[in-house]
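Dear colleague,

I am handing over the structure that we spoke of, and I would be glad if you read the notes below with the model open beside them.

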Amino acid sequence: MKSNMPDPVKQIVREQRALAILRIANRQPGRTSNECVLSECLKQFGLTCGHEELRAEIDALEREGLLRVERGTGVHVIELTRRGAEVAESVVTAEGVARVEPGCSY
């Protein structure tokens, strides 16, 4: 389904979704998560996306060196890298990831 959101809005949503993914993983034991958990958490934050869109976001974060992905036969498992944790904790910034704002709920 094609979205009618203007491009700047799409970019903001993508950047917020990327930040949420990193911060969700950062809170998990071993700084790992899987795409099913991520999808449910993103829904709670109003950042719902389809399966393919979530995988595309995970791939983009992997290309930036922010996480590693174990591609199983069904569910992908992500592991936050040191740099990914630094972005999640707002120590450094990364292209395509929103900055953590005060009061950020994720």
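A word on terms comes before the findings: two strands are said to pair if DSSP finds at least two bridges between them, and helices (H or I, at least four residues) and strands (E, at least two) are DSSP runs, numbered from the N terminus. Please keep in mind that this is a predicted model, in which local features need pLDDT of at least 70 and side-chain atom pairs count only at pLDDT 80 or more, while totals for chains, interfaces and linings use all residues. Residues are numbered from 1 along each chain as its sequence is written, and side-chain values use heavy atoms, with hydrogens and water left out.

Three strands form an open sheet in the order 1-3-2, with antiparallel pairing, and its edge strands are strand 1 and strand 2, each of which pairs on one side only. Direction ignored, neighbouring strands of this sheet are turned by 25° against each other on average; the axes behind such angles are lines fitted to C-alpha atoms, for helices over the stretch in contact, and angles run from 0 to 180 degrees between N-to-C directions. Strand 1 (residues 32-34) pairs with strand 3 over three bridges, whereas five bridges join strand 2 to strand 3, and a hairpin of four residues connects strand 2 with strand 3. Which residue of strand 3 is the bridge partner of Val 69? It is Ile 78, and Ile 78 is also the bridge partner of Ser 33.

In a regular strand the side chains alternate between the two faces of the sheet. Strand 3 has His 76, Ile 78 and Leu 80 on a covered face, and Val 77 and Glu 79 on an uncovered one.

Next come the helices around the sheet. Helix 1 lies across strand 1, strand 2 and strand 3, and runs at about 80° to strand 3. Helix 2 packs on the sheet as well, touching strand 1 and strand 3, and its direction makes about 85° with that of strand 1; contact here means heavy atoms within 4.5 Å.

In helix 2, the residues Glu 35, Leu 38 and Leu 42 are buried, where buried means under 20% relative accessible area, exposed over 50%, and partly exposed in between (1.4 Å probe, protein chains only). Seen down the axis of helix 2, these buried residues fall within an arc of 55°, so they line one face of the helix; the arc is that of the directions from the helix axis to the C-beta atoms. They pack against helix 1, strand 1, helix 3 and strand 3. At the start of helix 2, a side-chain oxygen of Asn 34 reaches to within 2.8 Å of the backbone nitrogen of Cys 36, and after the helix comes Gly 46, with a positive phi near 70°.

Helix 3 can be checked for its length: at 1.5 Å a residue, its 13 residues (51-63) should span 18 Å, and its end C-alpha atoms are 18 Å apart, which agrees; the expected span is 1.5 Å times one less than the number of residues. Its buried residues are Leu 54, Arg 55, Glu 57, Ile 58 and Leu 61, and they fall within an arc of 160° seen down the axis, so they line one face of the helix. The face turned away from that buried side carries the exposed residues Glu 52 and Arg 63. The buried residues of helix 3 pack against helix 1 (7-27), helix 2 (35-44), strand 2 (67-71) and strand 3 (76-80). Just after helix 3, Gly 65 takes a positive phi of about 80°.

Arg 17 is found in helix 1 and counts as buried at 3% relative accessibility; not counting residues up to four places away in sequence, Arg 17 touches Leu 42, Leu 47, Thr 48, Cys 49 and Glu 53. Thr 81 sits in the loop between strand 3 and helix 4 (82-88) and, at 10% relative accessibility, counts as buried too.

Note on methods:
A polar contact is a pair of N or O atoms within 3.5 Å; within protein, one must be able to donate a hydrogen and the other to accept it, and residues adjacent in sequence count only if both atoms are side-chain atoms.
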